[in-house]
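Please keep the sequence and the model in view while reading.

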Amino acid sequence: MPKPKVAFYCCASCGGGEETVVDLNEDILKVVDAVDIVLWPVALDFKRKDIEAMADGEIAVSFINGAVRLSEQEEWVELLRRKSGLVVAFGSCAHLGGIPGLGNVANRELIFQRKYTVVPTVDNPDETFPSTAITMDGYELELPSFYDTVKTLDQTIDVDYYLPGCPPPPNLVWDAVMAILEGKLPEKGAVLAPNKALCDTCPRNETKPEDLAIKEFKRVATSTPDREECFLYQGYICLGPATRSGCGERSINGNMPCRGSFGPPDGVVDQGVKILSAIASIIDSTNEEEIERIINSIADPLGTFYRFTLPSSLLRRKRIGR
Amino acid sequence: MHHAPNVDIIRVMCSCRIDPTFLLKAFRDGADEVLIAGCHPPTDCHYQNGNIKAMRRYPLLLRTLEQFGIETEGVRLEWISASESGKFAQVMKEMTETIRQLGPLSWNGGSEGVSNA
């Protein structure tokens, strides 16, 4: 029997998700034994024409990481969707928009201005900006177009399953690969991770008092958290209460509060506003002025609460101009 | 009680029942402004401290919405008890004036909305 074909592709992401596949270590040999990898741009040399030559649905599963920011990425994922039986959004960027999704506080014009003129290390006196077509020495060259808005994978194509995380931990990747090979998959649309809040599995949960109360917000940039106590109890913003468990508490064990890369558990539409609500409610004051003062100690609420989820949030992006 | 007709009223048991998610949904679905109205703190809450929770959420929500590009003039928290119909009508009048000056938010129709244009 021929081995099932598997593709990996990455769009707007840092490549950390691809790294996770390598982090399977020797287990990757078992995966390679069981499947045929037909596309993996970071590791193997296959081209778009190789995929275009395949029959529709010929690839058993495509693991796609990264958000969709360029026209080229949109073309690639549409192609992979056609050629694949299953599409798995792999990692925070494909799942929720991820860090590249924070670009949705700006648009193409603002990003290009900053990147190609404002940044002090850039010398661009002619104000040359990337364009989609240019003719040089008689050759017509093309670049993909850069969208104003970063999209998640499922805002671009139909997605069957989600592997959350920045990056997804190897054990969840392994479980997903095994579930696919053995045909033991849950209902379409499922996030292949536990459905509990991170606090539920947090090793510091026992130090959380019945009633949390915050008098002052602290930042890990300017003070060092205690290594045992609940981060929220100490006044550090931790997205644990509104974040799906399953990451292996990697941040917590590294003495960093949760930043929310797994996204919300099932049933929560907008992780950012949920944690906003939870955190504001435990401010230890009944005085409007004092509450405002405490809240003003949060440097960047949107960037903190929507660090990984801006494109998948209810509002999706900042509104620029009325 | 007379007030401007362009308001949709959503009744909830307590101002703390207003999950901030509701406001984002309202804006996404086309509301130009949102008013959160609750009972006067500190003692008017039937549930003891529901209004205090609403009071805590409001300024953080406001700052976040500002980062989303929504003018804060269009997001108000007012303490209006059940017997203060005059105040309710007055706030409605003020908010209608505000939106006349700001113009519609039209979240989905804006040139830099969620489209890829």
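In which loop of chain A does A:Pro167 lie? A:Pro167 is found in the loop between strand 9 and helix 7 of chain A, where helices (H or I, at least four residues) and strands (E, at least two) are DSSP runs numbered from the N terminus. The model is predicted: local features need pLDDT of at least 70 and side-chain atom pairs count only at pLDDT 80 or more, while totals for chains, interfaces and linings use all residues. Residues are numbered from 1 along each chain as its sequence is written, and chains are lettered from A and ligands numbered from 1 in the order in which they are written.

**Overall form of chain A**

- The secondary structure of chain A consists of 13 helices and nine strands.
- The C-alpha trace of chain A spans about 65 × 55 × 30 Å along its principal axes.
- Buried residues make up 42% of the 322 residues of chain A; a residue is buried if 20 or more other C-beta atoms lie within 10 Å of its own, exposed if 12 or fewer, and partly exposed in between, with C-beta atoms placed from the backbone.
- Among contacts in chain A between residues at least 6 apart in sequence, 75% join residues at least 24 apart; two residues are in contact if their C-beta atoms, placed from the backbone, lie within 7 Å.
- Chain A is divided into domain 1 (5-99 + 154-181), domain 2 (106-146) and domain 3 (198-312), with bounds that come from an automatic or database domain assignment.
- Between the C-alpha centres of domain 1 and domain 2 of chain A the distance is 29 Å.

**The five-stranded sheet of chain A**

- Five strands of chain A form an open sheet in the order 2-1-3-5-9, with parallel pairing; two strands pair if DSSP finds at least two bridges between them.
- Strand 2 (36-39) and strand 9 (161-163) of chain A are at the edges with a single partner strand each, so one side of each has no neighbour in the sheet.
- On average, neighbouring strands of this sheet are turned by 30° against each other, direction ignored.
- Strand 3 and strand 5 of chain A pair in the parallel sense over five bridges, and A:Ser62 has A:Val87 in strand 5 as its bridge partner.
- Strand 5 (residues 84-90) of chain A runs parallel to strand 9 of chain A and is joined to it by three bridges; A:Val88 stands opposite A:Tyr161, and A:Phe90 has A:Leu163 as its bridge partner.
- Strand 5 of chain A is largely enclosed by the rest of the structure, because five of its seven residues are buried.

**Helices on the sheet**

- Helix 4 (residues 71-83) of chain A lies across strand 1 (5-10), strand 3 (59-65) and strand 5 of chain A, and runs at about 135° to strand 5; axes are lines fitted to C-alpha atoms, for helices over the stretch in contact, and angles run from 0 to 180 degrees between N-to-C directions.
- Helix 7 (residues 170-181) of chain A packs on the sheet and touches strand 3, strand 5 and strand 9 of chain A, its direction making about 155° with that of strand 9.

**Contact between the chains**

- In all, 31 residues of chain A are in contact with 32 residues of chain B.
- Strand 8 (146-151), helix 11 (271-281), helix 12 (288-295) and helix 13 (301-305) of chain A each give two or more residues to the side that touches chain B.
- Helix 11 of chain A gives the most to that side, with six residues.
- The side of chain A that touches chain B has 15 nonpolar, six polar and ten charged residues; Ala, Val, Leu, Ile, Met, Phe, Trp, Tyr, Cys and Pro count as nonpolar, Asp, Glu, Lys and Arg as charged, and the others, Gly among them, as polar.
- The axes of helix 11 of chain A and helix 1 (residues 20-28) of chain B come within 8 Å and cross at roughly 140°.

**Backbone details**

- A cis peptide bond with omega of about -10° joins A:Cys166 and A:Pro167.
- A:Asn255 is not a glycine, yet has a positive phi of about 60°; A:Asn255 is partly exposed, with 13 other C-beta atoms within 10 Å.
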